[in-house]
Amino acid sequence: MTLSFDPDAISLPHYHFIGGETVAASEGIAMYRPSDGAAFGDCPVAGPDLVDQAVQTAKKALKTSNWSGLRPRDRTRAMHRWADLIEQDAEHLAKLEAVSSTRPVGHLVAGDIAVTAEQIRFFAEFADKEGSDLVPTSDTSLGMIMTEPYGVVGAITPWNFPLSMAGWKLGPALAAGNAVVLKPSEMTPFSSLRIAELSVEAGIPAGLINIVLGDGMVTGNAITGHPDISKVSFTGSTAAGSAIMQNVARTGIKPMTLELGGKSPQVVFADADINRTAKAVAQSIISNAGQACVAGSRLIVAREIAEELIAAITTIMRGVETGPTWDENTQYSPIISQKQIERIDTIVRASISAGAECLTGGQIMDREGYFYAPTLLGNVSQDSPALAEEIFGPVLTLQTFEDEDEALALADHPTYGLAAGVFTRDLSRAIRVTRALQAGTIWVNRYGRSRDHILPTGGYKSSGIGKDLGRDAYMANRKSKSVLIDL
């Protein structure tokens, strides 16, 4: 199978998907390909009326299909068929996603699409394995904790991993018996439309998954503020998460799962394996060009090994080869937009002006498209913009330490607490440091998620509330009631 393709030859959907049918859309937000900067279409914007149509359709579909009242194994089987169709449609999905996103087509087939299918199967298996509990009470009564779906879940996904983020939202919500109104990013909407269509082909009742396209200010606000949306699930920036919380508060009270920004440290002790650590650290900031909320953007290393580790990391960084996302050989991603690459460059330049030393990179690459060179900044002070802000680009900062207490002090960020990495051969130290770090996910002698979907993800501090993935994500899509019966 040859995955490389001509981006101008791809037929792109230009509609919303509501009730199992396409809904015509007018012109909307101009779209530009990250790989070459070319304008190639527009993303329609669903206003409040269309969002309301999607919500009412979802409510009706829940009632007429009795989705939450089916034998749980029937929900599981339908979701397994859906996952099968996603895998079978991998080439088409990869091209739809690669044309407008930062994800190389080869990475999509080998990674994102396969992972999305796995996630759906993983959550499908909860449907007949998680339920209500009998709890101990007196012998003259019967105590139960009953769980049930919320109803209609409003979901908003980001542009950096559109397919797998849709799987994060749709999988647990559907398995738990809910319907979903989902808004993908206006920069990467196409693959979400396609997997929604495949869900209907798989036998999931039409109307349980509805996709409305648009931006956050109009479409996103209409979803999160809708009175018939019973729960909100969002992945994106901390600023956007804060705005969502305010919008929800203006229109009512509802539970939220928010996976937000990060400024994650990677703490390397003197006994770490240098080569293994260098590969993990470099890959954590090179992957998707650093456009990941869990990107390991702060390197904190024992002073005695800093020079050797830096040499190994910079060698890897300087070896990246760029290419468009529609070339199957491309390994290094572009930045999502002109606005974002300019923001990255502004922060890097401001940090250098404030005293940081550019050890490698530090500039926009001289080629078409939005590519930024992998960058390592040394001599970074605590008040440096590169250290304080979530850059969302391939920029790694360097700080050194003398002892464990200093390492922990440097690792603690005043705003974020999403993820962290620890590199050491000392098991006791690894456990001690893991306990002390203020982060929702911590990796030891590695950096980045595995395909163990049982491990939940979520942040401390302003990095979010609630959890995605794992049993936690399934249970977050069900509400509980306590029942006490006198016998």
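Trainee: How many cavities of 30 Å³ or more does the structure hold?

Mentor: In this predicted model, the structure holds 2 cavities of 30 Å³ or more. Rolling a probe the size of a water molecule over the atoms is what shows where empty space is left. The largest cavity contains about 80 Å³ of space, and 13 residues line it, with Gly290, Ala295, Ser297, Ile391 and Phe392 lying nearest its centre. Sorted by class, the lining of this largest cavity consists of 7 nonpolar, 4 polar and 2 charged residues.

The second largest cavity holds about 60 Å³ of space, and among the residues that line it are Val153, Trp168, Lys169, Pro172, Ala173, Lys231, Ser233 and Asp468. Two or more residues of this lining come from each of two elements, helix H5 (162-175) and strand S10 (231-235), and H5 gives the most, with 4 residues. Here the lining of the second largest cavity divides into 5 nonpolar, 3 polar and 4 charged residues.

In the model, the span of residues 26-482 is 40% helix and 19% strand, and its end C-alpha atoms lie 48 Å apart.

How values were computed:
Residues numbered from 1 in each chain as written. Predicted model: local features only at pLDDT ≥ 70, side-chain atom pairs only at ≥ 80, totals over all residues. Heavy atoms only, no water. 1 Å grid on protein atoms, 1.4 Å probe; cavity = no way out; pocket = protein on both sides within 12 Å on 5 of 7 lines; lining within 4 Å. Points joined across faces, edges and corners; volume = space filled by probe spheres on them. Nonpolar A, V, L, I, M, F, W, Y, C, P; charged D, E, K, R; others polar.
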